[in-house]
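Colleague: I am new to reading models like this one. Could you take me through the terms, one at a time?

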Amino acid sequence: MSTSRAAADRGPDSRYAWTRLVVALLIGTIGNAGLWIMSVALPPVQAEFGISRGDASLPYAFTLLGIATGGVFMGKLTDRFGIVRPLLGATFCIGLGYVAAGLSGSLVQFSLAQGLLVGFLGSSATFGPLIASTSLWFQRQRGIAVALVSAGNHLAGAIWPPIVQISFDAFGWRTTYVGIGIVSVLTMLPLIALLRGSPPQQKAGEPAWEERPLRPIPAGMTPNQLLVLLSIAGMACCVAMAMPQVHIVAYCADLGYGAIRGAEMLTIMLSLSLISRLLTGWIADRAGGLQALLLGTTLQCMALVFYIPFDSLGALYVISALFGLVQGGIVPAYAIIVREYFSPREAGAKVGIVLMASLMGMAFGGWLTGKIFDLTGSYTAAFTNGVAWNVLNIVIVGWLLTRGRRRLATA
């Protein structure tokens with residue numbers, strides 16, 4: 001096979017690029033399980049350690065903070081060494097983290113296992129860096145590709161909660177945690193081996209493929225200012241997003257419907273979110289990332305409002321389905337936006353920074369919702385708080401779009 005033929009077979013948007021995307025999706029589905037396992041584990045962990053709802057939300061917050069801060073670190077490693085080395089180290093840390101959490105004797109030990117091992121040193125490599133690495137293999141279909149690979153995060157949420165809930169009921173949460181640690185290592189290692197190889201533009205001795213031109217920075221802004229605003233917007237929308245995703249299981253238990261109903265709602269929510277992720281990628285490829293983000297975050301705000309007046313079992317199923325259907329594409333939209341405005345050489349670090357802010361919003365939102373519940377005895381105020389944060393996100397994204405159009409009008 002000629003050199004040019006080999007380059008085409010492993011070039012941007014090639015069949016090989018799509019094969020890598022499928023492998024990355026599977027890795028993300030396994031590697032991001034810790035987020036959604038913690039949602040199901042919240043009630044038994046609270047009962048095990050005899051703590052408040054707010055304190056029981058801390059391990060989830062620490063896990064998200066670990067993924068958020070670790071994503072920047074892992075992103076820099078990925079920019080320098082490629083994705084394989086960070087993923088290998090992360091896999092063993094994930095396995096060790098689950099085992100340590102299952103054997104923990106206190107909330108502090110459990111939180112450290114979740115936050116440091118599962119989050120910072122583990123799942124952080126299977127989210128932002130994996131998304132950024134995959135984006136380097138696509139040009140024409142980058143939006144839909146980013147949406148698909150980022151779906152591993154929510155696919156994990158669709159698959160793991162019901163399995164974990166059944167295992168909790170049958171074997172207890174501690175045994176389940178240890179088992180997940182072993183399964184994660186055994187399944188992720190062979191998949192990571194399939195990701196060896198450099199992106200097309202990084203291959204020595206071959207002509208680089210033409211990169212899609214970057215979008216101009218909105219009028220009157222520097223690249224760093226844009227990055228800061230995107231980070232604030234990401235945090236705001238994810239504070240709102242965290243409320244139903246983190247607390248729906250506990251909410252249903254409080255209402256007397258049972259934790260299993262909440263786990264089912266979470267599965268429905270995250271399963272339908274896969275549709276919005278694909279739609280967001282499709283819209284971003286045609287209209288732009290900011291436009292796709294504004295649509296998604298506006299619809300999320302509308303869906304979140306419905307949780308305030310309605311709490312019947314049927315209504316919660318419908319609202320959770322609606323919420324999942326509209327919010328799934330929001331977080332990957334930030335990765336698409338970063339790739340539209342910043343050089344591919346900075347992809348890992350810049351995507352990591354924005355997604356760090358988004359995950360910190362999820363962490364803060366999950367904890368804040370628990371604290372508001374402890375103070376008020378209900379989730380009504382917590383939902384209202386989420387709506388307010390969502391409105392802040394809409395204002396920022398709308399302003400960026402306005403500045404971008406002004407830049408184009410004066411160009």
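Modeller: Start with contact: it means heavy atoms within 4.5 Å. By that rule Arg277 touches Ala147, Ser150, Ala151, Asn153, His154, Gly328, Gly329, Val331 and Pro332, not counting residues up to four places away in sequence. A word on the source: this is a predicted model, where local features need pLDDT of at least 70, side-chain atom pairs count only at pLDDT 80 or more, and totals for chains, interfaces and linings use all residues. Residues are numbered from 1 along each chain as its sequence is written, and side-chain values use heavy atoms, with hydrogens and water left out.

Colleague: Why is Arg277 called buried?

Modeller: Buried means under 20% relative accessible area, exposed means over 50%, and partly exposed is in between (1.4 Å probe, protein chains only). Arg277 has 2% relative accessibility, so it counts as buried. Its place is in helix α12. A helix here is a DSSP run of H or I with at least four residues, numbered from the N terminus.

Colleague: How far apart are Arg277 and Ser150 in sequence and in space?

Modeller: They are 127 residues apart in sequence, and 8.1 Å apart in space, C-alpha to C-alpha.

Colleague: What makes Gly31 buried?

Modeller: Its relative accessible area is 0%, so Gly31 is buried. Gly31 is found in helix α2 (residues 15–31). Leaving out residues up to four places away in sequence, Gly31 touches Ile94, Ser123, Thr126 and Met188.

Colleague: Are Glu48 and Arg174 buried, exposed or partly exposed?

Modeller: Glu48 has a relative accessible area of 42%, so it is partly exposed. Arg174 has 25%, so it is partly exposed too.

Colleague: How many salt bridges does a search of the whole structure find?

Modeller: It finds 2 salt bridges. One of them joins the side chains of Arg261 and Glu264 at 3.2 Å, N to O. Both residues lie in helix α12 (residues 259–287), 3 residues apart, about one turn of the helix.

Colleague: How many disulfides are there by the rule?

Modeller: A disulfide is a pair of cysteine sulfur atoms within 2.5 Å. By this rule the count comes to 0. Take Cys301: the nearest cysteine sulfur, that of Cys237, is 11 Å away, so Cys301 is in no disulfide. Cys301 has a relative accessible area of 9%, so it is buried.

Colleague: What makes a nonpolar core, and how many residues has the largest?

Modeller: A nonpolar core is a set of buried Ala, Val, Leu, Ile, Met, Phe, Trp, Tyr and Cys residues joined through side-chain atoms within 4.5 Å. The largest has 120 residues, and those with the most contacts inside it are Ile27, Tyr177 and Tyr307. Helix α11 (residues 223–254) gives the most to this core, with 16 residues.

Key:
Helices (H or I, at least four residues) and strands (E, at least two) are DSSP runs, numbered from the N terminus. A salt bridge is a side-chain nitrogen of Lys or Arg within 4 Å of a carboxyl oxygen of Asp or Glu.
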